[in-house]
Amino acid sequence: MLYAVIDTNVLVSALLSDKDDTATVQVVKEIIRGNIIPIYSHAIATEYRNVLNRKKFNFSEGKINILLDTISLFGILFEPAPFYFPITDIKDLPFYSITVQTQDKNSFLVTGNLKHFPNEPFIVTPRQLINILSK
């Protein structure tokens with residue numbers, strides 16, 4: 001079992017994918033199986049909902065609700081202490097902040113945009129997380 005803060009782009013990619021073997025889809029499946037425990041905050045949950053509801057994606061409300069309910073059901077709601085770190089995109093700070101503050105759980109930050117974050121061993125791509133999980 002792994003703890004992971006899931007960047008929004010991973011969820012978008014999973015919902016956009018029509019292939020079950022993509023790493024982003026596998027991450028969502030592993031959440032459902034209980035092998036990945038998502039860690040999120042109210043700010044992250046709000047971002048998930050706002051981004052997934054963008055018209056350009058055209059995701060159904062039912063699909064969005066199932067995904068977010070799954071994260072809520074199997075995840076851990078964590079409200080981080082105030083935290084600042086100079087990061088490329090300030091909207092990514094909540095994800096980085098929670099991951100840093102949950103290192104006692106050996107949590108990972110899973111993202112498709114590694115370049116947005118500092119080079120840290122706990123910041124991984126979906127494929128890297130699946131590989132870590134399979135070891």
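Predicted model: local features only at pLDDT ≥ 70, side-chain atom pairs only at ≥ 80, totals over all residues.

Colleague: How far apart are the closest N and O atoms of Glu 30 and Arg 33?

Modeller: The two side chains form a salt bridge. The cut-off for such a pair is 4 Å. For Glu 30 and Arg 33 the closest N and O atoms are apart by 2.7 Å.

Colleague: How many salt bridges does a search of the whole structure find?

Modeller: Glu 30 with Arg 33 is one of them. Lys 29 also pairs with Asp 20, with 3.9 Å between the closest N and O atoms. Glu 61 and Arg 49 meet at 3.5 Å, N to O. The search of the whole structure gives a total of three.

Colleague: Is Asp 20 buried or exposed?

Modeller: Its partner in the salt bridge is Lys 29. Lys 29 has a relative accessible area of 29%, so Lys 29 is partly exposed. Asp 20 has 55%, and over 50% counts as exposed, so the word for Asp 20 is exposed.

Colleague: Which helices hold Glu 61 and Arg 49?

Modeller: These side chains meet in a salt bridge. The pair ties together parts that are twelve residues apart in sequence. Glu 61 is in helix 4 (residues 61-74), and Arg 49 is in helix 3 (residues 42-52).

Colleague: Now the pockets. Which helix gives the most to the lining of the largest pocket?

Modeller: That pocket holds about 290 Å³ of space and is lined by 14 residues. The most, three residues, comes from helix 1.

Colleague: How many residues of that lining are charged?

Modeller: Thr 8, Glu 47, Val 51, Arg 54 and Asp 92 lie nearest the centre of the largest pocket. The lining has three nonpolar and four polar residues. The charged ones number seven.

Colleague: And how many nonpolar residues line the second largest pocket?

Modeller: About 220 Å³ of space lies there. Helix 1, helix 2 and helix 4 each supply at least two lining residues. Lys 29 and Lys 63 are among the lining residues. Two are polar and two charged, while the nonpolar count is seven.

Note on methods: Residues numbered from 1 in each chain as written. Heavy atoms only, no water. Buried < 20%, exposed > 50% of the residue type's maximum accessible area, 1.4 Å probe, protein only. Helix = DSSP H or I, 4+ residues; strand = E, 2+ residues; numbered from the N terminus. 1 Å grid on protein atoms, 1.4 Å probe; cavity = no way out; pocket = protein on both sides within 12 Å on 5 of 7 lines; lining within 4 Å. Points joined across faces, edges and corners; volume = space filled by probe spheres on them. Nonpolar A, V, L, I, M, F, W, Y, C, P; charged D, E, K, R; others polar.
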